[in-house]
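Subject: Structure for you to look at

Hello,

Please find the structure below. My notes on what was found in it follow.

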4 protein chains.
Amino acid sequence: MDKNLTKYPDTLAYRSVIESLNKRGVSVEDIAKITFDNQKKYIKGLTMGMAISSVDRVMHKREVMNNAMVAFALDDMANNNALPQPLNTIVREDMGVFGTDELLAVGISFLSGTIGITNFGYIDKIKQGIVKDLDTRKNEVTTFSDDIVGAIASEAGARLAHKYE
Amino acid sequence: MDKNLTKYPDTLAYRSVIESLNKRGVSVEDIAKITFDNQKKYIKGLTMGMAISSVDRVMHKREVMNNAMVAFALDDMANNNALPQPLNTIVREDMGVFGTDELLAVGISFLSGTIGITNFGYIDKIKQGIVKDLDTRKNEVTTFSDDIVGAIASEAGARLAHKYE
Amino acid sequence: MDKNLTKYPDTLAYRSVIESLNKRGVSVEDIAKITFDNQKKYIKGLTMGMAISSVDRVMHKREVMNNAMVAFALDDMANNNALPQPLNTIVREDMGVFGTDELLAVGISFLSGTIGITNFGYIDKIKQGIVKDLDTRKNEVTTFSDDIVGAIASEAGARLAHKYE
Amino acid sequence: MDKNLTKYPDTLAYRSVIESLNKRGVSVEDIAKITFDNQKKYIKGLTMGMAISSVDRVMHKREVMNNAMVAFALDDMANNNALPQPLNTIVREDMGVFGTDELLAVGISFLSGTIGITNFGYIDKIKQGIVKDLDTRKNEVTTFSDDIVGAIASEAGARLAHKYE
């Protein structure tokens, strides 16, 4: 369709991601807590302030905002049973062989290289912090959201690892 | 939410992908034509039948069906202005720095390894065959659809390359 | 240089990978044990025989053999201080911000889709089974080898997950 | 083996990459020329200076330096027939189903997101500029080198695309 008529709306995109997180009761601090807990054994002198700052930087990357906006939109629509079938059921039940959620997360966690990928795989398996909270909610579809949150924490950690090596 | 209550609906997912392609006027043959044109110089004796068969095999992979269903749903919703903002505008205008569509395509074209990735990058740039047709449609959002079609063609070609090496 | 003069040597490549594993004291069973331990909670009736068979299938994929041969060659050369500097030191010390080893592993563990990626991230962090043994060896460079072993186990698990869903 | 005894040698790594490029007769300008030619139609006012500066930035990323050092070492060893068999032959002949070279390139070109991936796939297929020169050399193994050069150009272009959107 019509192409490139408009500049990419960085500010609106960022606000949209923050609002979607807020709506799910997720703060930047919740995400930074995962980053901090994972990286503190590798980075001497790491503070929560540094983790928060890294999460904030990551959340301004377009690739992150794009994947996050798509992810939150899909969860919201599955919540309203507004996705076509059989996708709606697949997303609502977070089926084990559905991997598009993890793919969007990989697209985020790879942006500083492979450290973010192993971070993400680990967080995704052990369901750390707010990721576990999201993953276990009743009456709320979080199939994509928990992976996006884990991926932002992973990528923020990878950034710190490279910066403070 | 409720997890793993249901077996993955392979048949319904496959039918859904075929229907979404048909709705866009895309046949398996259209996709296989791209595969054939790209691989014929590498594979002696390659026929359209072999290309069609490879596309069909690729389209039965769960990872492919999942990404394709998500992609078609997103285009359909953007067509109906049913995505939240600013995502709706970003998808409708297929902005150059929006890369979630290519990410879903990478998730498909990597399944036989890196040959599919270079195939996809090339097809995506030169807009080959039905991909060009999709990319240039007026009054129809095809931001995700053209990449999915290109990715299936790419992955089908990578499969053939490995099989007939 | 001279291109495509020879068919890809599948049998020699497979034997080379097996020999490199043997030289490191790693058996197919050791790898399959990781696969089995990770997937048994998801797949009812999973046996070690099924895990061994899946590992064997994965080890015949060209993309796997290629990355594994490169990985083992690099570790062997670092063992002999035969890599150029500063790469030799970086590999010998398995520096945290060196990620080429994990990249080769990602190239293996993604071949059935994103399940293998999260499997790999987890195994890489907790250093499961023979991966831990490899990772903690004295007087032997295993920077690449442990990731390759973890990646083969991950990909074998992802295959089983899709097959027995 | 011994871990984390030493800080990552950023300066030595960068010099090593530059020297390996020089040895192959490749300058930063040669790489930037590919970046410039690919992005000029998308970025109004793009200059060679901007392309050179972007290539230089990319070449200082650790993930890039790591993959590049590994790639150049492998080509050099294949040149000297110093790799184990059958890997030595596979690399020397740059076999079509050998994909580890493209994998290292993907690890570079993904660092700003998916734009770099499609850039790389395209450059890899059409063998643009210095990539073609490298690819067609006689008596010199460039299996990995041409992909690394293409990947750096791709990633530099993706950076510019995001920056000047």
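Across the interface of chain C and chain D, 4 residue pairs are in polar contact, with both residues at pLDDT 80 or more; a polar contact is a pair of N or O atoms within 3.5 Å, where within protein one must be able to donate a hydrogen and the other to accept it, and residues adjacent in sequence count only if both atoms are side-chain atoms. This is a predicted model: local features need pLDDT of at least 70, side-chain atom pairs count only at pLDDT 80 or more, and totals for chains, interfaces and linings use all residues. Residues are numbered from 1 along each chain as its sequence is written, chains are lettered from A and ligands numbered from 1 in the order in which they are written, and side-chain values use heavy atoms, with hydrogens and water left out.

On the chain C side, helices H1 (10–23), H4 (62–79), H5 (87–92) and H6 (100–109) each supply at least two residues that touch chain D. H4(C) gives the most, with 10 residues. Helices here are DSSP runs (H or I, at least four residues), numbered from the N terminus.

In total, 45 residues of chain C are in contact (heavy atoms within 4.5 Å) with 45 residues of chain D. The two chains bury about 3,600 Å² between them, 66% of it on carbon and sulfur atoms. Buried area is the accessible area (1.4 Å probe) that two parts lose on being put together, summed over both.

Regards
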